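Reader: I am new to this structure. Could you show me how to read its features, one at a time?

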Amino acid sequence: MLVVFIGPPGSGKGTQASQLCQHLSITHLSTGEMFRAAIQEGTELGVQAQQYMDRGELVPDQLVVSMVADALRSSPYNNGCLLDGFPRSLPQAEALDQMLEEEGKQIDLALELNVDEEVLIDRLLARKRPDDTIDTIHHRLQVYREQTSPLLDYYRDRGQLRTVNGKGTVDEVHQQILQQVAEKIP
Ligand code: B4P
């Protein structure tokens, strides 16, 4: 089972991905977490990624795609995998499809977490991560609208998209996600 989560910053991708992966016993692959780990470890990738993350920009596609390709090659995801925060642009989605195609696989479900911007801003300001300043948040929301939201049509056209209202409590959203997963992947 291969699932991708799409949603603006603060929509709860990380929160819900952890719960779903635990529930289904599948591998959780979060590009945001991978970059934060690289920054923590002070690797070359971390140094490069940090300048983009601090500005609320997407890390360049080439860096993200090669990091994900390495992770998919090395991580045992035979039971399935949830990609949390990847893809975030059309070139990333195309690169992912190509990687999977080479292994005779494809995405089973692209799940959109839909949340109003006012709610997102409140959540992100409460989280207090270094990249959660008000200016950066506004920029990240704009980047989402411009670069990531076209993915919704990309996956809709392929019949892979399902949308969940991400505004409820963590548990309410989790229940909706389980329902979508059960309908799409019986
Ligand atoms: P990510 O780590 O993916 O983080 P995010 O989009 O900011 O947050 P997420 O949606 O996971 O929200 P969360 O569950 O934490 O990305 C960080 C940065 O890395 C990006 O800006 C970018 O620079 C870079 N990056 C990552 N992937 C990339 C890619 N593929 N290409 C290029 N660049 C990339 O929830 C947020 C808060 O809300 C939490 O405090 C949580 O507790 C709370 N919350 C969650 N659900 C809630 C609910 N239902 N009710 C109330 N609060 C809730």
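Author: Start with two strands. Strand S1 (residues 2–6) runs parallel to strand S3 (residues 81–84), and 4 bridges join them. Keep in mind that this is a predicted model.

Reader: Which residue stands opposite Cys 81 in S3?

Author: Leu 2 does.

Reader: How do strands of a sheet pair in general?

Author: They pair through backbone hydrogen bonds, either parallel or antiparallel. Here the pairing is parallel, and 5 strands make up an open sheet. Their order is S2-S3-S1-S4-S5.

Reader: Which are the edge strands?

Author: Strand S2 (27–30) and strand S5 (161–165), each of which pairs on one side only.

Reader: Which strands does H8 lie across?

Author: S1, strand S4 (109–114) and S5. H8 runs at about 150° to S1.

Reader: Now the charges. How many salt bridges does a search of the whole structure find?

Author: The search finds 12. Take one from H8, the helix of residues 150–157. There the side chains of Asp 153 and Arg 156 meet in a salt bridge, 2.5 Å from N to O.

Reader: Why are Asp 153 and Arg 156 separated by about one helical turn?

Author: Because they are 3 residues apart in helix H8. Now check their surroundings. Asp 153 is partly exposed, with a relative accessible area of 44%. Arg 156 is also partly exposed, at 46%.

Reader: Where do Arg 36 and Glu 33 lie?

Author: Both lie in helix H2 (residues 31–41), 3 residues apart, about one turn of the helix. Arg 36 has 24% relative accessibility, so it counts as partly exposed. Glu 33 is partly exposed as well, with a relative accessible area of 46%.

Reader: Are Arg 140 and Asp 132 buried or exposed?

Author: Arg 140 is buried, and so is Asp 132. These two form a salt bridge, with the closest N and O atoms 2.9 Å apart.

Reader: What about aromatic rings? How many aromatic pairs does a search of the whole structure find?

Author: It finds 1 aromatic pair. Tyr 154 and Tyr 155 form it, and the pair is edge-to-face. Read two values here: 5.1 Å centre to centre, and 85° between the planes.

Reader: Why does Tyr 154 count as buried?

Author: Because its relative accessibility is 9%, and buried means under 20%. Tyr 155 is buried too, with a relative accessible area of 0%.

Reader: Which charged end sits over the ring of Tyr 154?

Author: That of Arg 158, 3.6 Å from the ring centre.

Reader: One last residue. Where is Gln 16 found?

Author: Gln 16 is in helix H1 (residues 13–24). At 3% relative accessibility, Gln 16 counts as buried.

Reader: Which residues does Gln 16 touch, not counting residues up to four places away in sequence?

Author: Gln 16 touches Phe 5, Leu 113, Val 170, Val 173, His 174 and Ile 177. Find Phe 5 in the view, then trace the contacts from there.

Key:
Residues numbered from 1 in each chain as written. Predicted model: local features only at pLDDT ≥ 70, side-chain atom pairs only at ≥ 80, totals over all residues. Heavy atoms only, no water. Salt bridge = Lys/Arg side-chain N within 4 Å of Asp/Glu carboxyl O. Buried < 20%, exposed > 50% of the residue type's maximum accessible area, 1.4 Å probe, protein only. Pairing = 2+ DSSP bridges. Contact = heavy atoms within 4.5 Å. Axes fitted to C-alpha atoms, helices over the stretch in contact; angles between N-to-C directions. Phe/Tyr/Trp six-rings, centres within 6.5 Å; stacked < 30°, edge-to-face > 60°. Lys NZ or Arg CZ within 6 Å of the ring centre and 35° of its normal.
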